[in-house]
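Please keep the viewer open as you read.

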Amino acid sequence: MRFEVAALPLVLCLTALPLAAQDDQGERLLDEIVAKVNQDVVTMTDLEKELRLLRLTLQEEIKDPTQLEEAFQRRKRGLLKSLIQNRLMLQKAEELGLTANVDGEVNQALEQMRQQMGIPSLEVLEQLLEQRGTNLREYRENLKEQMVTSWLIQQSVYSKITLLTPEIEEYYRSNPEQFTEPARVTLAEIVFLSEGKTADQLRILAEEAHGRLESGIPFEEVAADYSDGPTAARGGSIGDFKEGSLAEQVESAISQLQPGQHTDVIETDYGLVIFKVLSRDERQLKPMEEVGDQIRQRLYQSKAQPELKEFLEDLIEQSYIYVAPKYKEIYDVEDLTG
């Protein structure tokens, strides 16, 4: 869990030194110190891990390489600040004794996740994680940090927030658009594909089908006889759609139709089509009982933001933080170090 909020400036000066570490084979390595956070250090290895995880996360959301790189560079600027804030929270959680039973909780959460996803074993989960560029040890450590910081915020921030029933009711009354289901329309179609036909042949078939509809022959029967679409066998039914989700020309054609009425012949990129409105569901406000938990969560989060900001500012003010000069040029850490 990463929180990026403004913090009070704190000026601390030290000289960056290399940090001795060991790899899995016991060989001595030098790992550059990026930052010092009280008694703890953030190394280049720590930062590179976070950068790699950030890229992996963005790759799940953004497929275009250019957009991916742009998003990565934007998010990268705040990564070191977020990492330092996270270290401060982990230190505070340790001080308050919140980490005592976390390993058991992590094991339980992993097992629950494995079962929900239908993964047969942790070994298979490890393989899946490695395919994404990470591993089970790293995933377990990240989950542990998320749990610990979540407990800390619950105890230090959320537990101090009060939320009254009138506040929930007022939010519901003031924001009806957030809890209103959009209007929906259920449609059927008769499709005349242009492939293999001349424009005149296509128009003749469509007008002939439209004439049969006008004479009172059921839409389902005309669809079965004339439609080139895969929906012909089920009377042309294509399901229901949210208001505004259809192509503009279709929305316009069906906007004034009542259930049971059909459109004229409409031209499309793929040929001609006739639509029938099977049913309409008007916009509907959900009852407050149904959305009460959703409103509570939003209000808690809204109230928590200034409290969380103040909590982190206090942690920073009471802490010793140093960031090596060259990283100050790359990352947004001025609020942490002055």
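Let us begin with Glu-307, which counts as partly exposed because its relative accessibility is 38%. This residue sits in helix 11, which covers residues 288-317. Glu-307 also belongs to a negative surface patch, together with Glu-310, Asp-314 and Glu-317. As you explore, please bear in mind that this is a predicted model.

**Salt bridges**

How many salt bridges are there? The count comes to 22.

| Pair | Closest N to O distance |
|---|---|
| Glu-69 and Arg-55 | 3.2 Å |
| Arg-212 and Asp-225 | 3.5 Å |

Take the pair Arg-212 and Asp-225, which form a salt bridge. Arg-212 is in helix 8 (residues 199-214) and Asp-225 is in helix 9 (residues 219-226), so their contact ties together parts that are 13 residues apart in sequence. Arg-212 is partly exposed, because its relative accessibility is 24%.

Glu-69 and Arg-55 also form a salt bridge. This one links distant parts of the chain, with Glu-69 in helix 2 (residues 65-76) and Arg-55 in helix 1, 14 residues apart. Glu-69 has a relative accessible area of 33%, so it counts as partly exposed. Arg-55 is partly exposed as well, at 26% relative accessibility.

Arg-173 and Glu-170, by contrast, both lie in helix 7 (residues 165-174), 3 residues apart, or about one turn of the helix. Is Arg-173 buried or exposed? At 53% relative accessibility, Arg-173 counts as exposed, while Glu-170 is partly exposed at 39%.

There is also a salt-bridge network, which links Asp-40, Asp-46 and Arg-87.

**Strand pairing**

Now turn to strand 8 (residues 271-281), which runs antiparallel to strand 5 (residues 184-193) and is joined to it by 10 bridges. Within this pairing, Thr-186 stands opposite Ser-279 of strand 8. Strand 7 (residues 266-268) is antiparallel to strand 8 too, with 3 bridges between them. Glu-267 has Leu-272 in strand 8 as its bridge partner. A hairpin of 2 residues connects strand 7 to strand 8.

**A separation to look up**

Finally, find Thr-57 in helix 1, which spans residues 44-61. Thr-57 is partly exposed, because its relative accessibility is 37%. Its C-alpha atom is separated by 41 Å from that of Gly-236, 179 residues apart along the chain.

Conventions: Residues numbered from 1 in each chain as written. Predicted model: local features only at pLDDT ≥ 70, side-chain atom pairs only at ≥ 80, totals over all residues. Heavy atoms only, no water. Patch = residues over 30% accessible without salt bridge, like charges linked within 9 Å, V, L, I, M, F, W, Y side chains within 5 Å. Areas by Shrake-Rupley, 256 points an atom, 1.4 Å probe, with all protein chains shown as cover. Salt bridge = Lys/Arg side-chain N within 4 Å of Asp/Glu carboxyl O. Lys, Arg positive; Asp, Glu negative; His and termini not counted. Charge placed at Lys NZ, Arg CZ, Asp CG, Glu CD. Helix = DSSP H or I, 4+ residues; strand = E, 2+ residues; numbered from the N terminus. Buried < 20%, exposed > 50% of the residue type's maximum accessible area, 1.4 Å probe, protein only. Pairing = 2+ DSSP bridges.
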